[in-house]
Amino acid sequence: MSAQQAEMDVYVALQRQLYQEARLLSAEQYDDWLAMLCDEVHYEMEMPQRRLREDKTNNWAPIKTPIFNDDMAALLMRIARFKTGFVWSENPINAIRHIVSNVEVFNTEIKDQFLVHSIIEVHRSRLDAERKRLTAGRQDLWNKTATGYKLLKRTAVLDDSVVLDSNINFFF
Amino acid sequence: MKKLDDLVDFKTGRQKRVIYSDPAIYEEELEKIFGRCWLFLTHESQIKEPGDFIRTFMGEDEVLVVRQKDDSIKAFLNTCTHRGNRLCKADHGNSRKFVCNYHGWSFGFDGKLNGVPLEKEAYNDQLDKSKFGLIEVAQIASYKGLVFATFDETAPSLEDYLGEMKWYLDIWLDAMPEGTELIGTAMKVELPVNWKLPVENVSGDGYHLGWAHAGAMTVSSSMEVGGLAVGNATADNSGAVSVAGMNGHAVLAALDGQSGYGFYPDPKMAVDYLEENRATVIDRLGEYRGKRMWGSQINMTVFPNLQMLPGLNWFRVYHPKGPGKFEMWTWAMVDKEMSDDLKQMILNNVSRTFGPAGLFDNDDGDNLQAITEQSRGWRTRQMDIYTNMAIGGEHSRDEMPGVVSEGLICEQNQRYVYRRWLEMMQADSWADVPSYNNLQEARATEAK
């Protein structure tokens, strides 16, 4: 089954949505970001593994290992932690940029629900010359609602099998 | 290395910062600590079938740990015996053979060299393949599901190496009849930190919890844990212990029987599991461990680089990558008897608290990185830092082995970890390393 590209107006609207989302995340405007999510949102990222191409066994990870496996309550907990004022690693404010690219939007079998592929690149400049860059692919489901597009599900795939930053105090 | 004497002072709880930054000291550690100690390789649950393998590290040496046809486990250096290429690049998997990408030498998963391309035409059939099998570790052994190995054939047995720590390890490994398993795969993070700093932190530093993790504790605590308070505003040290002096191994333990699940926002499913099974555990471990310790928040350290927290249920090993860098591998470990729902809840919580995006773990990296960097300057590397809290509070208790101090907020354990570090670094061989397998041995050295 070849996925059907969404109409241009939907494509433009969701691309705008992803850009706006990236700006809100970089600016730590988390309440505004939460307003973009469905109440039943599922936000996940799995720990990558390096396996041989010919290895089809499932002995290894019958249970997937999450970096994120969050519902709305878990996301609220993470954001509540940021707001306590006790997260010393984020003080001073670290410069962070979320760069979104390779956006593709497809219709799904459900009316007003769209499958969105994108790539996210997160740059962080922290103390002195310290600079971190993480990349991930994202596969989202966005619902068109009366109050705009809302994220129902995000599956992000980190590229590194060893995470090269000492914290992930941000979202992808 | 005589000069090491000045680097760590057990009696005053002092360390010279240079031990976190000096490349020469680090090289010495690779030889005298990682080259000699029993190091954790894998949990038996991770390699169940013949040919199942995991690629891991012993110090900076890469090893393949492989389940054999006869169910035994072997560990080989992950390097071709011909020209030294890395044999296997996968994190784990199942393989009948390991073939070198350079010239095609093929090794069975028992380590034997089976195939050499052009053996007849180029080697003139003169190569004795039996002499070029993969190089094994010196000793390999398991303790209740945990597989360890050492490069030193003169090292004491694993049982003797663990010594009295076994009494504490059993609170997790042997509480339930079917034992434990690691679920999922390792969460791996590289940190620009000296490897000793996370070890000392988890071995005994309950002090930092209320301050460094104040944000995480504020949002995730559902019950009191060991008398710790957000912001270090107050502390009740009466219901918990620090235990050390057991061959460098250490334990921090609350004694309430449930606070291990105190950093779960909704621990009901876990607490129900504890109460449903407590009678079984009391039967297996006795009243004290079954009632007071099983289910409590406990930090366990197996010297030099393995740590586990039953309750929070994480299991972690540190692989050094130079004086200022290590890789941290974290798993969720569970009782096999637990329901799939409970296992999934635990895995989610391990990830959410101590994974790469963990609410707690994300507080530690910057502090430990900064200590590493503040040990690198010409002036700072000559300076001292201290683990001198509650010196003189050491005592012993009939109900548990080891040297005991009161409370989770106490720096006794770090002092004993560094004492072991110094003993290993100064010893010419295992014959020179003191054994602390009972209280008399452990406390005799205090007076020195």
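**Entry 1: cis peptides**

I began with B:Pro304, which sits in the loop between β16 and β17 of chain B, where helices (H or I, at least four residues) and strands (E, at least two) are DSSP runs numbered from the N terminus. The peptide bond joining B:Phe303 and B:Pro304 is cis, with omega about 5 degrees. I noted a cis bond in chain A too, joining A:Asn91 and A:Pro92, with omega about 5 degrees; A:Pro92 is found in the loop between α3 and β3 (95–107) of chain A.

**Entry 2: numbering and confidence**

I am reading a predicted model, in which local features need pLDDT of at least 70 and side-chain atom pairs count only at pLDDT 80 or more, while totals for chains, interfaces and linings use all residues. Residues are numbered from 1 along each chain as its sequence is written, and chains are lettered from A and ligands numbered from 1 in the order in which they are written. For chain B I find a mean pLDDT of 95, with 98% of its residues at 70 or more; pLDDT is the predictor's confidence in each residue, from 0 to 100. The predictor assigns the complex an ipTM of 0.95 and a pTM of 0.96.

**Entry 3: the sheet of 9 strands in chain B**

I traced an open sheet of 9 strands in chain B, with antiparallel pairing and the order β13-β19-β18-β17-β16-β15-β14-β22-β21; two strands count as paired if DSSP finds at least two bridges between them. Its edge strands are β13 (180–191) and β21 (395–397) of chain B, each of which pairs on one side only. Neighbouring strands of this sheet are turned by 25 degrees against each other on average, direction ignored; axes are lines fitted to C-alpha atoms, for helices over the stretch in contact, and angles run from 0 to 180 degrees between N-to-C directions.

I then checked individual pairs. Strands β18 (residues 314–320) and β19 (residues 326–335) of chain B are antiparallel over 7 bridges, and B:His319 has B:Glu327 in β19(B) as its bridge partner. β14(B) is joined to β22(B) by 4 bridges, again antiparallel, and there B:Ala244 stands opposite B:Val403 in β22(B). β21(B) and β22(B) are antiparallel with 2 bridges and form a hairpin with 2 residues between them; B:Arg397 stands opposite B:Met400 in β22(B).

I also looked at how covered β22(B) is: 5 of its 7 residues are buried, a residue being buried if 20 or more other C-beta atoms, placed from the backbone, lie within 10 Å of its own, exposed if 12 or fewer, and partly exposed in between.

Helix α3 (residues 165–173) of chain B lies across several strands, including β13, β14 (240–246) and β22 (400–406) of chain B, and runs at about 125 degrees to β16(B). Why is helix α4 (residues 196–204) of chain B largely enclosed by the rest of the structure? I find 9 of the 9 residues of α4(B) buried, so the helix is largely enclosed; among them are B:Lys196 and B:Glu200.

**Entry 4: chain A**

I count 3 helices and 6 strands in chain A, and from the N terminus the elements run α-α-β-β-α-β-β-β-β. Buried residues make up 23% of the 172 residues in chain A.

A:Glu28, with phi about 55 degrees, is in the loop between α1 (8–26) and α2 (30–34) of chain A and is partly exposed, with 19 other C-beta atoms within 10 Å. A:Asp112, with phi about 65 degrees, lies in the loop between β3 and β4 (113–125) of chain A and is exposed, with 12 other C-beta atoms within 10 Å.

**Entry 5: where the chains touch**

The contact takes 34 residues from chain A and 39 residues from chain B, two residues being in contact if their C-beta atoms, placed from the backbone, lie within 7 Å. On the side of chain A that touches chain B, β2 (66–70) and α3 (72–83) of chain A each supply at least two residues, and the largest share, 5 residues, comes from α3(A).
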